Each structure stands twice: as C-alpha cells, then as structure tokens.
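Good morning. I will take a few minutes to go through one protein chain, starting with a single residue and then moving out to the whole.

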Amino acid sequence: MVQANDPVVLMKQEVGRVAAARVQSDTVVGLGTGSTTAYAIEYIGQRLKNGDLKNVVGVPTSFQAEVLAKKYGIPLTNLDAIDKIDIAIDGADEVDPQKNLIKGGGAAHTREKIVDSLADLFIVVVDANKIVDRLGSTFLLPVEVIPMAVTPVMKKLESLGGKPELRMGMRKAGPVVTDQGNLVIDVKFDSIDNPSELESTINNIPGVLENGLFVGVADIILVGEIIDGKPNVREIS
Ligand code: 5RP
C-alpha cells in the first residue's frame, strides 16, 4: 500500500504539482504515463475544476493517461485534430547529465516518444533516484516489438551486446502486451556509451517498433528531492 509520508511519494507529488503549475490556459498538453505524471494529471484537473485554468485539452500517451484524464476532468483530443502540442509532461526511468532519458517502465514509450517529441516544451518529472551518470546503469532498456519478431529481435539484441528478456505481466499470466498489442523486451547493456547511435541501431532492427532511449527530446527536467525532511523541486534546463 502507498504510504502518504513515503519520501518517494512526497517527491513525486511535489514534482507533479510544480509541473502542472507550468500549464497555461488555451493550450494542448501531452499527458505522460507513470506514477509521477499521474500526480501532474490530477493537479491539472484540479486547476481546471477550480477555474485557475481554462480551455486545456490533453493528448494521452497511454490508456492509463486516458483513464486518469477522464477521472480528473481533462478533455481529450488526438493528433489528427490538432496542429501542435504546446507542452508535454512525462516521467522517466533514468535521466543522464545531457537530459537524455530511458523511458518505457510502463511499456508506453512508443506513444510517449511520439507525443513528447511533438511538444514545443517537454517537461520531465522524476524523483531524485532517477538521475544517473550514464544511461543503463540502473534500468533495463525497453524495446517494443511486433509479436512475430520476438525471437529474431532478441538474437539481434544479443549480437549487439545486450542481455534481452521478455517482459512478463504481474497479476496476469504471460507477457506484458502494450496498448498497441505488441510485446516488450527489456535489455541489459553493460554500458550505453552512445545513446543516440544505439537508439537508431535498435530501431533499425526489423520488427522493432520503438525503444526507450529518448535522446535530445527533453527540454526541462524537474527533479523532486527531499531536503531537511521536506520535498523540494530542482530544475535542470
Ligand atoms: C512509462 C514511462 C514512465 O514515465 C516511467 O516508467 C516513469 O514512471 P514513474 O513515474 O512511475 O516512475 O516511461 O512508459
């Protein structure tokens, strides 16, 4: 059960609140996926409800984001109906000093990369545990794959030096199935020296839809941290 005074929860809530405060009226907002962004979606909904924000529409990056937006009263749209996304708020699993990311802990990185890349301003919301010196040090790299191609893609990832494993569901028998009906391979690389090159190399494997390396996409990182027992938000821009 989530504890209200859990420091990680406090960091996520605070960073979500600060990100939601950056949203302005009359804008299109990319709504990310994950437990941190969930707080931002809740706070955007609160601001709409209390009249602090007007005329905001959201583009969800996942079924989770869609459900939360409906719960908190944020009207939704899609990429066919809009000319641009003004701001996107999304979480990450790792952030390096160049603001490159690993995403996909929630298996939503394909839609996240589409929406986040289209935004004029992409704000990443993380707790301090996500900051790393080098991508791949704490988190496996998620790769979304069309089901029929799982075996050849795994072999190819091995030949690139990775240790791939098919992501399995929790409280569901069998593999995780993405919102697009595909599978996710999580890959351990000993060292990701060139994230940009690896991103392209993996996406060039036939059967790969998208991988979780986000290189040069993030504009601002909001980092939730605890200082003297209190939640604080640090901005990296
Ligand atoms: C989903 C993601 C999430 O943004 C990422 O996993 C971070 O999630 P959380 O805020 O729950 O730690 O990339 O695909």
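Does Thr110 count as buried or exposed? Keep in mind, as we look, that this is a predicted model. Thr110 has a relative accessibility of 9%. The cut-off for buried is under 20%, so Thr110 counts as buried. Its place is in helix H4, which covers residues 109–118. What is Thr110 in contact with, if we leave aside its neighbours within four places in sequence? The list is Glu144, Gln180, Leu209 and Glu210.

Ala107 sits in the loop between strand S5 (101–102) and H4. Its phi is positive, about 60 degrees, although Ala107 is not a glycine. Ala107 is buried too, because its relative accessible area is 8% and buried means under 20%.

Now set Arg171 beside it. Arg171 is also not a glycine, and its phi is positive, near 55 degrees. Arg171 belongs to the loop between strand S8 (163–166) and strand S9 (183–188). Is Arg171 buried or exposed? Its relative accessibility is 90%, and the cut-off for exposed is over 50%, so Arg171 counts as exposed.

One more loop residue. Asp193 lies between S9 and helix H6 (195–203). With a relative accessible area of 61%, Asp193 is exposed. How far is Asp193 from Arg134 in sequence and in space? The two are 59 residues apart in sequence, and 7.9 Å apart in space from C-alpha to C-alpha.

Let us step back to the chain as a whole. Its secondary structure amounts to six helices and 13 strands. The radius of gyration is 18 Å, close to the 18 Å that the globule rule gives for 237 residues, so the chain is as compact as a globular protein of that length. Along its principal axes, the C-alpha trace spans about 55 × 45 × 35 Å.

Of the 237 residues, 51% count as buried. If we take contacts with a separation of 6 or more, 74% of them join residues 24 or more positions apart.

What about the inside? In soluble globular proteins, nonpolar side chains tend to be buried together. In this chain, the largest nonpolar core has 27 residues. Those with the most contacts inside it include Val23, Leu31, Ile44 and Leu222. Among the elements that give two or more residues to this core are helix H1 (7–21), strand S1 (27–31), helix H2 (35–49) and strand S12 (220–227). Which of the elements gives the largest share of this core? H2 does, with seven residues.

Leaving aside neighbours within four places in sequence, Ile44 is in contact with Ala20, Val23, Val29, Leu31, Leu53, Ile74 and Ile89. There is also a second, separate core, which has 21 residues. Val143, Val150, Val187 and Ile192 are included in that second core.

To finish where we began: Thr110, in helix H4, counts as buried at 9% relative accessibility, whereas Arg171 counts as exposed at 90%. Thank you.

Conventions
Residues are numbered from 1 along each chain as its sequence is written. This is a predicted model: local features need pLDDT of at least 70, side-chain atom pairs count only at pLDDT 80 or more; totals for chains, interfaces and linings use all residues. Side-chain values use heavy atoms; hydrogens and water are left out. Helices (H or I, at least four residues) and strands (E, at least two) are DSSP runs, numbered from the N terminus. The radius of gyration is taken over C-alpha atoms; the globule rule is 2.2 Å times the number of residues to the power 0.38. Buried means under 20% relative accessible area, exposed over 50%, partly exposed in between (1.4 Å probe, protein chains only). Contact means heavy atoms within 4.5 Å. A nonpolar core is a set of buried Ala, Val, Leu, Ile, Met, Phe, Trp, Tyr and Cys residues joined through side-chain atoms within 4.5 Å.
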